[in-house]
Amino acid sequence: MALTWSDPRSVPRALLRELVDVPPVTLPDGRWLDLPGRGRTWLTDLPGPDPDAPAVILLHAVGCTGLLTWFPVVERLAERYRVVVFDQRWHGRGIVSEHFSVRDCADDVAAVADALDLVAPVVAGYSMGSIVAQRCWRQHPERFGGLVLAATTDHFRTTGSERVFHQGMEVGMGALRTLSRSRTISTATRMTAELLLDPTDMHEWALAQFRSTSPWAVAQAVASLGRHHSTPWLSRIDVPTAVVVTTKDRVLSPARQRAIAARIPGATVHEAPCGHAGCVLQADSFVPAFLEAVDTTMGRRASRQRR
């Protein structure tokens, strides 16, 4: 069978296993969570070492599901904290809605925290998830106890090519919304998804998770992300924050990630020598830096609560 970039299903499963060493883990169970007035989403809730363990909510990358982004780290985190992972709207088994916006995603996080009675949880996001995490503070500044931003940015459209790409996505996706089922649009958006996440680097389960988000949904999410711009208010973030810099990132440059940390008062920086897909494909490099960032943020959160 010939390999093509237009259809990730054409990649033989045996080849996927040869290409990438996916970390062996035991995948936790999940369940449906109904959020009144919003919809339902697929959620995994690991209780942590004791009933009073502080909670961390993990927000995934674009085109992924919660566990597809975070499966290498959830067991390690659950040794210390309650860990909540869910599929964000339009992704995997996330909320189905008429429109997609990062603002709605942030409100979904607050709704999940309320439904589970989480007290001042730390919100940790990767790539798209880190942008949603920023919005969580912006829209619900008293609800969350801290932020961990990994492979992050404060805005897109910083270069000519980025501006052309995101403006084109925004205009094109808005104009062609009603044609989302057409073959032409499906092919174009599938190519967009593959530029962001290479599906040939996933094993069978991961590939199934990847397929669970339609390329059309990925394109809509990318268009929404292009409108994000947190630079004017980053300096007002007043909860403990850590930034995990993916130092070999070719999608969001390390310099841009460090600049965000410099704008957030007291933010700590934790460097992971990996690329933009390092949360899974270079987990040995990413996970230690991420755990350090969560531990540091949780420690600062606890100190604030004692005061």
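What pLDDT does the protein chain average, and what share of the residues score at least 70? The average is 82, and 76% of the residues reach at least 70, where pLDDT is the predictor's confidence in each residue, from 0 to 100.

Some ground rules. This is a predicted model, so to speak of local features I need pLDDT of at least 70, and side-chain atom pairs count only at pLDDT 80 or more, while totals for chains, interfaces and linings use all residues. Residues are numbered from 1 along each chain as its sequence is written, and side-chain values use heavy atoms, with hydrogens and water left out.

Over residues 15-19 the model has 12 contacts beyond four places in sequence, a contact being heavy atoms within 4.5 Å. Over residues 160-202 there are 74 such contacts.

Now the cores. I call a nonpolar core a set of buried Ala, Val, Leu, Ile, Met, Phe, Trp, Tyr and Cys residues joined through side-chain atoms within 4.5 Å. Buried is under 20% relative accessible area, exposed is over 50%, and partly exposed is in between, with a 1.4 Å probe and protein chains only. The largest nonpolar core has 49 residues, and I57 and V109 have the most contacts inside it. Helix α4, residues 102-115, gives the most to this core, with 8 residues. Helices here are DSSP runs of H or I with at least four residues, strands are runs of E with at least two, and both are numbered from the N terminus. Leaving aside residues up to four places away in sequence, V109 touches I57, L59, F86, V123, V132, C136 and F144. Apart from that core lies another, of 39 residues, with V83, A206, A272 and V294 among them.

Next, cysteines. How many disulfides does a search of the whole structure find? It finds 0, taking a disulfide as a pair of cysteine sulfur atoms within 2.5 Å. For C64, the closest cysteine sulfur is in C279, at 6.7 Å, which is too far for a bond. C136 is in no disulfide either, and the nearest cysteine sulfur, that of C105, is 9.1 Å away. Both positions are buried: C64 has 5% relative accessibility, and C136 has 0%.

On to the rings. The structure holds 8 aromatic pairs. Rings of Phe, Tyr and Trp (its six-membered ring) pair if their centres lie within 6.5 Å; planes under 30 degrees apart are stacked, over 60 edge-to-face, and the rest tilted. W70 and Y126 have ring centres 6.3 Å apart and planes at 90 degrees, so this pair is edge-to-face. W70 is in helix α2 and Y126 in strand β5 (residues 122-126), so the pair ties together parts 56 residues apart in sequence. W70 and F286 have centres 6.5 Å apart and planes at 45 degrees, so that pair is tilted. F286 sits in helix α12 (residues 283-306), so here the linked parts are 216 residues apart in sequence. W70 is buried at 0% relative accessible area, and F286 at 1%. Ring pairs link W70, Y126, F286 and F290 into a cluster.

Last, T65, in the loop between β3 (55-59) and α2 (66-70). Is T65 buried or exposed? Buried, with a relative accessible area of 1%. Beyond four places in sequence, T65 touches H60, D87, G92, Q209 and S212. A polar atom of the T65 side chain lies 3.2 Å from the backbone nitrogen of L68.

Definitions and conventions
A polar contact is a pair of N or O atoms within 3.5 Å; within protein, one must be able to donate a hydrogen and the other to accept it, and residues adjacent in sequence count only if both atoms are side-chain atoms.
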